[in-house]
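Please open the structure in your viewer and keep the sequence panel beside it. The tour moves from one selection to the next, with a short account of what is found at each stop.

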Amino acid sequence: MNEMEQVQELERKVWGMDPVLPTHQTLTAVKNGGIIIGAFDGEKLVGFSYGFSGFQNGKSYLCSHMLGIDEAYRSQGIGEMLKRSQCKVAIEKGYSLIKWTYDPLETRNAFLNLTKLNGICNTYIENCYGEMNDNLNQGLPSDRFEVHWYVKSPHVVEKHVPNIQSILPLNTIAFNEKGQPVCITEQENELTGQAYSITVPKDFQGLKAVSEDLALDWRLKTRRLFQKLFHAGYAAVQLEKHDTNGKYIFIKKDTLELGGE
């Protein structure tokens with residue numbers, strides 16, 4: 001219970017709001033198919049992941065609800081270690097699929113979820129959590145990608161990705177007179193290519209801090225592009241990191257080796 005209380009304290013530090021996970025709920029969830037993993041520096045909790053059991057269309061999966069890292073310990077690979085530990089325990093418990101959501105304009109999360117872990121996304125949820133007032137989410141619609149991590153599939157275990165010959169961009173970035181990134185959408189045609197890309201700002205929180213209007217413009221323009229690709233059967237499989245941006249790569253979902261889902 002002491003460790004569960006440390007999770008609450010870390011929640012306050014990461015999101016700047018009162019904890020949403022009562023200790024009696026997390027403890028009960030873990031006893032009934034859920035998983036909570038902690039990262040410690042000595043006896044100090046510096047990161048955690050929390051997931052509970054989900055069930056849909058006759059199949060169970062792990063719903064990975066929260067992952068938080070103490071700001072002083074970020075960019076050290078702790079998030080990846082937490083996810084891989086979660087994966088190991090999930091397989092031991094009998095899960096083959098883990099789901100979670102993240103803001104598609106947060107490139108740090110995208111790089112971990114898609115590029116490092118080989119999760120995929122073909123589901124876009126508009127304003128998933130309604131209006132949120134924490135430090136990271138306030139002021140914009142809480143749109144989310146829903147990541148599907150097929151932890152036993154060749155796509156994840158063997159990192160099988162189809163050979164991509166050409167990638168067609170659906171948008172580009174220009175910079176205004178203040179040096180802020182602006183989303184420029186390409187002329188839209190029927191989606192028949194092997195692969196497509198969508199470029200997003202590298203530091204979305206920094207952009208939002210200086211121009212909430214421009215951040216909202218990015219939200220709405222990329223929302224439409226993401227939804228168009230998903231509706232056409234494409235899935236996000238990777239995020240490339242560049243100096244000033246991140247670039248999502250999309251290919252047809254039915255070309256991925258997902259183990260029969």
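The stops below cover a helix, its salt bridges, a lysine in a strand and the nonpolar cores.

This is a predicted model, in which local features need pLDDT of at least 70 and side-chain atom pairs count only at pLDDT 80 or more, whereas totals for chains, interfaces and linings use all residues. Residues are numbered from 1 along each chain as its sequence is written, and side-chain values use heavy atoms, with hydrogens and water left out.

**Helix α7**

Begin by selecting residues 212-231, which form helix α7; helices (H or I, at least four residues) and strands (E, at least two) are DSSP runs, numbered from the N terminus. Next, colour the buried residues of α7, among them Leu 214, Trp 218, Arg 219, Arg 223, Phe 226 and Phe 230, where buried means under 20% relative accessible area, exposed over 50% and partly exposed in between (1.4 Å probe, protein chains only). Just after the helix, Gly 233 takes a positive phi of about 95°.

Still in α7, pick Lys 221, which counts as partly exposed because its relative accessibility is 26%. Leaving aside neighbours within four places in sequence, Lys 221 is in contact with Cys 183 and Thr 185, contact meaning heavy atoms within 4.5 Å. Cys 183 is 38 residues from Lys 221 in sequence, yet the two C-alpha atoms are 7.4 Å apart.

**Salt bridges**

The structure holds nine salt bridges, each a side-chain nitrogen of Lys or Arg within 4 Å of a carboxyl oxygen of Asp or Glu. Select Arg 219 and Asp 103, whose side chains meet in one of these at 2.8 Å, N to O. This pair links distant parts of the chain, since Arg 219 lies in helix α7 and Asp 103 in the loop between β4 (97-102) and α4, 116 residues apart. Arg 219 counts as buried because its relative accessibility is 2%, and Asp 103 is buried with a relative accessible area of 7%.

Then show Asp 143 and Arg 223, which form a salt bridge with the closest N and O atoms 2.7 Å apart. Here too distant parts of the chain are linked, with Asp 143 in the loop between β5 (120-125) and β6 (144-150) and Arg 223 in helix α7, 80 residues apart. Both Asp 143 and Arg 223 are buried.

**Lys 99 in strand β4**

Move to Lys 99, placed in strand β4. Which side chain of opposite charge is nearest to this buried lysine? It is Glu 146, 4.5 Å away, and Lys 99 has no salt bridge; for charge, Lys and Arg count as positive and Asp and Glu as negative, while His and the chain ends are not counted. Display Gln 56 as well, for its side chain is joined to that of Lys 99 by a polar contact of 3.0 Å.

**Nonpolar cores**

Finish with the largest nonpolar core, where, of 50 residues, Phe 145, Phe 226, Tyr 248 and Phe 250 touch the most other members. Helix α7 gives the most to this core, with seven residues. Apart from it lies another core, of eleven residues, including Ile 120, Val 237, Ile 251 and Leu 256. A nonpolar core is a set of buried Ala, Val, Leu, Ile, Met, Phe, Trp, Tyr and Cys residues joined through side-chain atoms within 4.5 Å.

Definitions and conventions: Expected span 1.5 Å × (residues − 1). Polar contact = N/O pair within 3.5 Å; in protein donor to acceptor, adjacent residues only side chain to side chain.
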